[in-house]
Amino acid sequence: MKKIDHFAIKVKSIPSAVDFYSSMGGEVISQYEDWALLGFENVKLALMASDNHPVHVAFQVESMESLKDCEESLLPHRDGTFSIYIEDGEGNFIEKIFYPNSLT
């Protein structure tokens with residue numbers, strides 16, 4: 001794995017949460033009705049208002065090959081990335097996320 005890409009947390013209101021985390025220095029990368037992504041100097045923060053994805057920490061992987069072990073659960077995302085979710089053995093969710101060359 002290359003690096004921690006983002007942390008994802010649940011929020012009640014995307015607009016309110018975006019306002020709050022923007023005031024903490026976050027820059028909005030993407031924002032939708034149910035999800036937003038903010039960039040900070042050292043990491044990204046995903047805000048989720050739905051149960052489509054679990055609360056998690058995401059690690060960026062360098063190739064689609066890194067996701068092949070769980071092809072049946074491979075998720076294409078609306079931003080063009082691909083990922084899988086696994087558990088860490090302690091009940092926490094980990095996302096392995098791949099950015100195609102066009103997104104890096």
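This is a predicted model: local features need pLDDT of at least 70, side-chain atom pairs count only at pLDDT 80 or more; totals for chains, interfaces and linings use all residues.

Visitor: How many salt bridges does the structure hold?

Guide: Two, a salt bridge being a side-chain nitrogen of Lys or Arg within 4 Å of a carboxyl oxygen of Asp or Glu. In one of them, Lys-44 meets Asp-5 at 2.9 Å, N to O. Lys-44 lies in strand 4 and Asp-5 in strand 1, so the pair ties together parts 39 residues apart in sequence. Strands are DSSP runs of E, at least two residues, numbered from the N terminus.

Visitor: Are Lys-44 and Asp-5 buried or exposed?

Guide: Both are buried (under 20% relative accessible area; exposed is over 50%, partly exposed in between, with a 1.4 Å probe and protein chains only).

Visitor: And which residue forms a salt bridge with Lys-10?

Guide: Asp-51, with the closest N and O atoms 2.7 Å apart. Lys-10 is partly exposed at 36% relative accessibility, while Asp-51 is exposed at 69%.

Visitor: New topic. How many aromatic pairs are there?

Guide: Two; rings of Phe, Tyr and Trp (its six-membered ring) pair if their centres lie within 6.5 Å, with planes under 30 degrees apart stacked, over 60 edge-to-face and the rest tilted. The ring centres of Phe-20 and Tyr-21 are 4.9 Å apart and the planes are at 90°, so that pair is edge-to-face.

Methods
Residues are numbered from 1 along each chain as its sequence is written. Side-chain values use heavy atoms; hydrogens and water are left out. Helices (H or I, at least four residues) and strands (E, at least two) are DSSP runs, numbered from the N terminus.
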